[in-house]
Amino acid sequence: MADDKSHRNAPSLDAVRHKLDGLSGERYWRGLEELAESDVFDQLLREEFPQGIGAYTDIGRRDFIKFIGASLALAGLSGCGRAAPADEKIVPYVTQPEGWVPAKPQFYATAFTHDGAAMGLLVRSHEGRPVKIEGNPAHPDSLGATDAFAQASILTLYDPDRSQVVTSGGAITTWNAFMIALEGEMEGQRLNGGGGLRILTEDVISPTLADQLRAVLARFPRAKWHQYEPVARGNALAGARLAFGEYADAQYRFADADVVLALDADFLSCGGGRLRWARDFAARRRVRGGKGDMSRLYTVEATPTTTGSVSDHRLALPPSEIVAFARALAARLGAGSGGDAKALSPASGQWLEAVARDLESHRGRSLVIPGDYTPVLVHALAHAMNQALGNAGKTVSYTQTVTAEPVDRIASLRELVKDIDAGQVAALIILGGNPVFDAPADIPFERSLPRVAFTAHLSLYEDETSARCRWHLPQAHYLESWSDTRASDGTATIVQPLITPLYGGKTAHEIVAALLGQSGRSAYEIVRDYWRRQSRGDFETFWRKSLHDGVIEGTAFPAKTVNVKSAASFESQLPGSAAKNPEPKNKDVLEVIFRPDPTVFDGRFANNGWLQELPKPLTKLTWDNAVLVSPKTAERLGFAPDIGATGGERGRVIVDIAELTYAGVQIRAPVWIAPGHADGAATVLFGYGRTRAGRVGNETGFNVYPMRTSGAPWQGTGLTMRKSGRKYTLAGVQYHHNMEGRDLVRSATLDEFRKRPDFARDKESNETLYPGFKYEAYAWGMAIDTSACIGCNACVVACQSENNIPVVGKTEVTRGREMHWLRIDRYYKGTLDEPETFHQPVPCMHCENAPCEIVCPVGATTHSQEGLNEMTYNRCVGTRYCSNNCPYKVRRFNFLQYSDFETPSLRLRNNPNVTVRSRGVMEKCTYCVQRINAARIDAEKDERRVRDGEVKTACQAACPTEAIVFGDINDRESAVAKLKADPLNYGLLTDLNTRPRTTYLAAVRNPNPELKKT
Amino acid sequence: MADEVDKILASEEIAPVIEPGHTYASITDKISAIVLTRPTPMLWYVGFGISFVFVLILLFAVSYLLTKGVGIWGINIPVAWGFAIVNFVWWIGIGHAGTLISAILLLLRQKWRNSINRFAEAMTIFAVMCAGLFPLLHLGRPWYFYWLFPYPSTMDIQPQFRSPLVWDVFAVSTYFTVSLLFWYVGLIPDLATLRDRARKRFPRFAYGMLAMGWRGSAVHWHRYETASLLLAGLATPLVVSVHTVVSFDFTIGLVPGWHSTIFPPYFVAGAIYSGFAMVLTLAIPLRKMYGLEDFITLRHLKNMGEVMLATGLIVAYGYMMEGFVSWYSGSPFERYLMFYRMHGAYRYMFWALLLFNIVIPQALWILRVRTSPLALFIIAICVNVGMWLERYVIVVVSLSRDFMPSAWGMYSGTIWDYAVFAGTIGLFLALMFVFVRLLPMISIFEMRGLLHEESEK
């Protein structure tokens, strides 16, 4: 702590910790008492309770002793986090903290950075505990919505497996010891200009961190900053550079696009702007009152994705043919040369022609989107096509990149390893990421790492990389950190902490500050300092407003003008492989497609039980990654699933384990048949197979990173697959994808809809001998738009988070016992090879004539005065008759003790307004009754009715496409009442006379009449 | 044996309900000796020993169940009821034969019932005890089972009377109470006989207490006859009502394969069917083991075979109507379910139940089969298995394929399901063994009455 004196607010907590080191057991407490008299303790106390100390300047002896006693007692309460340090003001979004009202949650704006950009959040905090994540409506990449990752990130905050201590060579030590070691190391580096210093980060989006890193490079001119992340937008950046000669981010405006072509682009679930895009896209496809117009979406992709599942036309092509398709289409549209539709199959050629005509007839109102993982050439061609179609500046504009330093991530890592191997690296600071686990197979990062004398890894978990570094440093979770970040359009947000670090973690800012000789400088100061330099006018006003709003005004990037260079020259500029025509097909050799797992992503969420148990959007598998192949390919290779006897179908499916050989590496992984997958290709999802993820993530799935090379990070050819003869049990939550002729999801084309807008309506007959319920005040209801639902799962995790829904683990899922109150059913229509896909979120229907209510022998499930079907947990004896009698099967039973009553940190996470259920009790969707009651209390205080939109269920709030609408159907003017009057509205299984309160809007799709199936 | 059958066939005479040559004393001697004087056969020790091992398995399985929760069983969503309910219905069904024999046949003056009613009633009580365990154990929180009773709760909460499970509570508890009373009242004269004949102090004391001062006076007999007629009157509707109520557990539900009006009569017929099968399953080895061929004659076996044949045909009609109505209803859910029963993953169970319940028992049309203890025993076992499968198909298969294909799932019992089921069979047999050891398994005084009537003819 050499710099202590130069920094007023140096964390003397470390000094206390340091002093406590080496003490244990009884000594510990005695040590603490001793400490109470020391200067260090006094300073700590001053920091912990600054106002308190101020108020107690002239206190009596008795009060002083009381105060000290209370402080000591509090110091002993581990896990009792508080809101942010008192001298670092954080500002609530809605309610000012004057007069802290216990049990009244507060919302704070912050942001979650994932997949290339930030998502603005409002985090609900109960008595200093962040409990639930909501989207920030003011943030351009959230617009009030969130995704599954953001929702689940709160579980990571409380994860008891997160790293809690600094370790050096595996032994527990202190931050202080690390800082001293780092100072020494930097002292040495200063002499040679940082020639041996390397910093490895993930994608840096935080402007402050980028600024700090640039300062490091200025201070140590010979040091290098490397960036690597397994899922990076490298192809997108390289594609923009190829097309425009400079890096740029494309900004899409779906509101103005009538025809959209997604070239291997899963824009609804990938990329920084995914939520905004999904919102805009869904808005353009909303038909109400029997009228309306829709945009049309074409998708060309190999792996079935959520985007493909909601598109009007989907063409499944293996990756090499997608390139050929893009080239041919570019040539057809006059935006490139060299491509030729003859290279495609006749069917694809026809498809291409129809798409081309459709795009051409919508010049300036169409949009071609290349996917983040698709080859560079496709990106460049897409830019050229947009220019040729006159879309540039209309449906797509370009800005500078969100990532601070757009360099080729893989080249950057390769250079680092080369430097290490050349013995040029003396100190390597790894800020986040897990390169030992996820580096490309042909870059021997893991092997080279031990050659560096001083290695330090800052990360949330003590993971594979930490295990091979000299120092492991616990990182502060973003909900514990001060930082900043940017949305996909450049809008900056200050990341403010909701809680002091639970496990004493630090942010990257503080580590980089230490490199700059500013150890002990807090992230708060660093971030404030950066923005003080950026802001004009009164800084405090700016700061408060920025924190409060969750966005910094005027930071969105301005559009910049870029011009496509000669499209003809694209291919000549690329190294051979990317532009080559597909090789003649050998039937036994498959193309391989690498994709991040839809729920654990690149492996970073492996220890998050919510995401592990979240069914993958299309396969509906949990807890595992499987190799996806098309039905035809599976048949050819002889793979077939088998239904297990116990809890089979919906829980357990036994599949073949395949031996995959690619790039000289052999891996065994289970095979899953994905309808709609391109033939002749296999999708391998990476992110699983972690060995040091934690208790949840270890030993789940299969590690496929050893097959992923730097030359082909997303796709390649030369994969062979054969049966290994072994079997593997996968845990899925839905096996039947056929509706068996039952009209559960009703759909029509736009033309059919125009002819008969009420095609989905049932004839209503409510004849009954019995008087119905009377709802004098409110009658809550929900409408779910199956046109808008993209199956993204945000609602499922939001529900889990809001309602304290336990995670049951793979074994229990294989027994058909997962607990999600809200599930998303996925059905296919049409053929196995070219299915039409539908997503249908199914919460409790809250039936007027609820079959569950009449069969409960103890009256534990009853009808409320507002029409809710309520579960009284403490009355439930667990006969499960209600579940049997529920035709929608939305009830969930605690077959065993699933809720964790033991782990202290997980208990902190629970929503205090929702009962944590014990074993033997039935549970189900409540329409978030706690939110209804909170709104009712507010309304009653003001002597008014609850306003429309005042109650948002957790699923509704999370939904990016606003597919879920909730409200009072007694209020004719409410959004939900209007939807229920819409001709598209229908109820599920209404012929059972259940009269569900949750109804659906039938799906309308807009296929091109030219492409009608013959 | 063959001669005997030939004789019956030749003379077309009905075999006697009691073999000739018996006197009042010989009947009393023979039956009471089993309890009081004859050495306990080795087979008894072996049988009881094996049964008791299963009782211990039951205790272990139940302890584990109470510790961990019902999740140790194979139940899931959608199949939230499994072995427990299957076994419950099966055991309750088995009990019905006892009540039918002791109540309805008494009122119908079927004299042949006298030699089998005692242990059939005992079987009823033990079967209902086994059955009663399951609804308790299958609860998620079994310690709150009493919430199903309308006790005066301080919270003023009552059971929800629209639920068939509450009706079940009343039906089964009434059934158990009436059966127990009927059985006990019927035992009193014989307990007095045992009291009088017992040599040792303790049996004399114990039987004496249980005989409640029976002296065999005309007043006693008068009151006895009145009480037993009244109880028979009470028990008679129960034969029909209990399984009707049990069938309501299903028919009240919406589930395809459950929601059917044919269930009550078809469940009652099924119950009597399985009950008589169980009586035969027990009677044939017992009469052999204790040499009671004189009292439980071929006539009894033949009559019981005929009851089985009749009820089996009603059950067959039930199956037929289930199939027909599922088609006739036009409901896609019902039709699909029937198709799935026949062709789905559980098709072996469905076809096996048809084989065991419908096809094999048709052999009972043949007199030679009806009068062959071995053939009857085999058929009875088949019917026992078949009826269990029937309940399995109704409970499990229906739940596994209801309305939303997305929620379809399968079920199979775990080791703990089997342990509890086997354990209750062990408990049932162990109780039967204790019963035949300690109480007269055939009603002594009724046999004496029978002899009187026979000799008067």
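## Burial and fold of chain A

A residue counts as buried if 20 or more other C-beta atoms lie within 10 Å of its own, as exposed if 12 or fewer do, and as partly exposed in between. In this predicted model, 58% of the 1014 residues in chain A are buried.

Chain A contains 34 helices and 38 strands. Of its contacts with a separation of 6 or more, 74% involve residues 24 or more positions apart.

## Nonpolar core

The largest nonpolar core comprises 440 residues. The residues with the most contacts inside this core include Leu263(A), Ile369(A), Leu381(A) and Met385(A), and Val279(B) is also one of them. Helix H4 of chain B, spanning residues 83-107, gives the most to this core, with 16 residues.

## Backbone geometry

Most residues other than glycine have a negative phi, and most peptide bonds are trans.

In chain B, the peptide bond between Ile77(B) and Pro78(B) is cis, with omega about 20°. Pro78(B) belongs to the loop between helix H3 (42-68) and H4 of chain B.

In chain A, Glu127(A) is not a glycine, yet has a positive phi of about 50°. Glu127(A) occupies the loop between strand S2 (117-126) and strand S3 (129-135). Because 14 other C-beta atoms lie within 10 Å, Glu127(A) is classed as partly exposed. Tyr927(A), likewise not a glycine, has a positive phi of about 60° and is placed in the loop between strand S34 (922-923) and helix H32 (929-941) of chain A. Tyr927(A) has 27 other C-beta atoms within 10 Å and is therefore buried.

Notes:
Residues numbered from 1 in each chain as written. Chains lettered and ligands numbered in written order. Predicted model: local features only at pLDDT ≥ 70, side-chain atom pairs only at ≥ 80, totals over all residues. Core = buried A, V, L, I, M, F, W, Y, C linked by C-beta atoms within 7 Å. Helix = DSSP H or I, 4+ residues; strand = E, 2+ residues; numbered from the N terminus. Contact = placed C-beta atoms within 7 Å.
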